[in-house]
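Subject: Handover of a structure

Hello,

I am passing this structure on to you. Please open it first, then read my notes below.

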Amino acid sequence: MSLPQEAQPPTLTPQFCFHPTALQDFLRLSRATTDDPLLATLNALTPSAPFSPRTSTTPRPTRSSHRVPRATCTSYLSRALFPAWHARTQALTYCASVATSPDPEDPELLARQAEGMRDRERVVDERLDPYSGRFFPKEPRTEELVRKVRAERGIEGIVRGRSWDVIGGRCEDGGGERWEEAVAKWESGRGGR
């Protein structure tokens with residue numbers, strides 16, 4: 001069986017990170033092509049018993065009870081799953097670094113500065129209007145990006161944990177280590193590319 005078509009890693013630029021949906025669309029597509037169909041992919045990699053007319057009337061164990069051979073699982077992990085995870089990690093790490101860097105191209109910077117100056121000049125009498133002292137400035141887009149990356153990292157951890165549970169249940173010798181350890185071992189084996 002051929003491996004599922006994976007999402008191509010994006011060109012990492014600040015515009016990619018600040019785009020309202022580009023980062024999330026890439027992550028969603030990558031998860032949909034690698035993690036979501038994982039059980040079906042592993043089932044397709046499971047060797048099936050040859051057909052025999054004598055045994056066709058006796059109940060056989062279901063295909064899901066067969067385990068995928070270790071070499072097949074290792075090959076699938078290193079050729080499909082781990083590269084997809086790596087691309088997603090790179091995108092999230094890059095966007096996190098963009099979010100913590102100064103943003104000289106922020107299109108709303110001048111508007112926020114003007115709003116801040118108007119707020120400092122405002123005279124507030126809270127006895128007349130107890131709500132007049134409240135000021136909710138629009139946050140910079142870097143803060144929005146920090147929140148988005150944090151949420152996506154949480155989702156990524158959940159998705160990888162569930163995928164690793166599937167691998168542990170379907171692969172021979174699966175589940176002996178945590179997914180973080182397996183990915184670190186894979187990355188060190190490929191020279192940290």
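Are H4 and H6 roughly parallel or roughly antiparallel to each other? The model is predicted.

**The overall picture**

The chain is built from helices: there are seven of them, and zero strands. Along the sequence the pattern reads α-α-α-α-α-α-α. The chain has 193 residues, and 31% of them are buried. It exposes about 12400 Å². Carbon and sulfur atoms supply 56% of that area.

**H4 and H6**

Back to the opening question. The angle between H4 and H6 is about 160 degrees. Angles over 145 degrees count as roughly antiparallel. H4 and H6 are therefore roughly antiparallel to each other. Their axes are 9 Å apart. H4 and H6 cross in a left-handed sense. The residues of this contact divide into 15 nonpolar, five polar and five charged.

**H2 and H4**

H4 covers residues 70-99, and it also packs with H2, residues 22-34. The angle here is about 165 degrees, and the axes are 11 Å apart. That angle makes H2 roughly antiparallel to H4. H2 passes H4 in a left-handed crossing.

Which residues of H2 meet H4? They are Leu23, Phe26, Leu27, Ser30, Arg31 and Thr34. On the H4 side the contact includes Tyr76, Ala80, Leu81 and Ala84. Further along H4, Ala87, Arg88, Ala91, Leu92 and Cys95 take part too. By type, the residues of the contact of H2 with H4 are eleven nonpolar, two polar and two charged.

**H3 and H6**

H3 spans residues 38-45, and H6 spans residues 141-170. They pack at an angle of about 20 degrees, with axes 10 Å apart. Angles under 35 degrees count as roughly parallel. So H3 is roughly parallel to H6. The crossing of H3 and H6 is right-handed. From H3, the contact uses Leu38, Leu39, Leu42 and Asn43. From H6, it uses Ser163, Val166, Ile167 and Arg170. The residues of the contact of H3 with H6 split into five nonpolar, two polar and one charged.

I list them in sequence order.

- *Threonine 11.* This residue sits in the segment before helix H1, which covers 14-18. Is threonine 11 buried or exposed? Its relative accessible area is 63%, so it is exposed. Along the chain, threonine 11 and alanine 91 are 80 residues apart. Their C-alpha atoms are separated by 9.0 Å.

- At 31% relative accessibility, serine 78 counts as partly exposed. What does serine 78 touch, not counting residues up to four places away in sequence? The answer is Pro83 and Trp186. Serine 78 and valine 183 are 105 residues apart in sequence. In space they are 9.1 Å apart, C-alpha to C-alpha.

- *Proline 140.* Look for this residue in the loop between helix H5 (109-121) and H6. Proline 140 has a relative accessible area of 27%, which means it is partly exposed. Proline 140 and alanine 99 are 41 residues apart along the chain. The separation of their C-alpha atoms is 9.9 Å.

- *Aspartate 173.* Here you are in the loop between H6 and helix H7 (179-189). Aspartate 173 is exposed, with a relative accessible area of 57%. Leaving aside neighbours within four places in sequence, aspartate 173 is in contact with Arg67 and Arg70. Aspartate 173 and arginine 70 are 103 residues apart along the chain. Their C-alpha atoms are separated by 6.6 Å.

**Where to start**

Begin with H4, which packs with H2 and with H6. Then turn to H3, which packs with H6.

Best wishes

Definitions and conventions. Residues numbered from 1 in each chain as written. Predicted model: local features only at pLDDT ≥ 70, side-chain atom pairs only at ≥ 80, totals over all residues. Heavy atoms only, no water. Axes fitted to C-alpha atoms, helices over the stretch in contact; angles between N-to-C directions. Helix = DSSP H or I, 4+ residues; strand = E, 2+ residues; numbered from the N terminus. Parallel < 35°, antiparallel > 145°, perpendicular 65-115°, else oblique. Left-handed = near helix turned anticlockwise from the far one by under 90°. Contact = heavy atoms within 4.5 Å. Nonpolar A, V, L, I, M, F, W, Y, C, P; charged D, E, K, R; others polar. Buried < 20%, exposed > 50% of the residue type's maximum accessible area, 1.4 Å probe, protein only. Areas by Shrake-Rupley, 256 points an atom, 1.4 Å probe, with all protein chains shown as cover.
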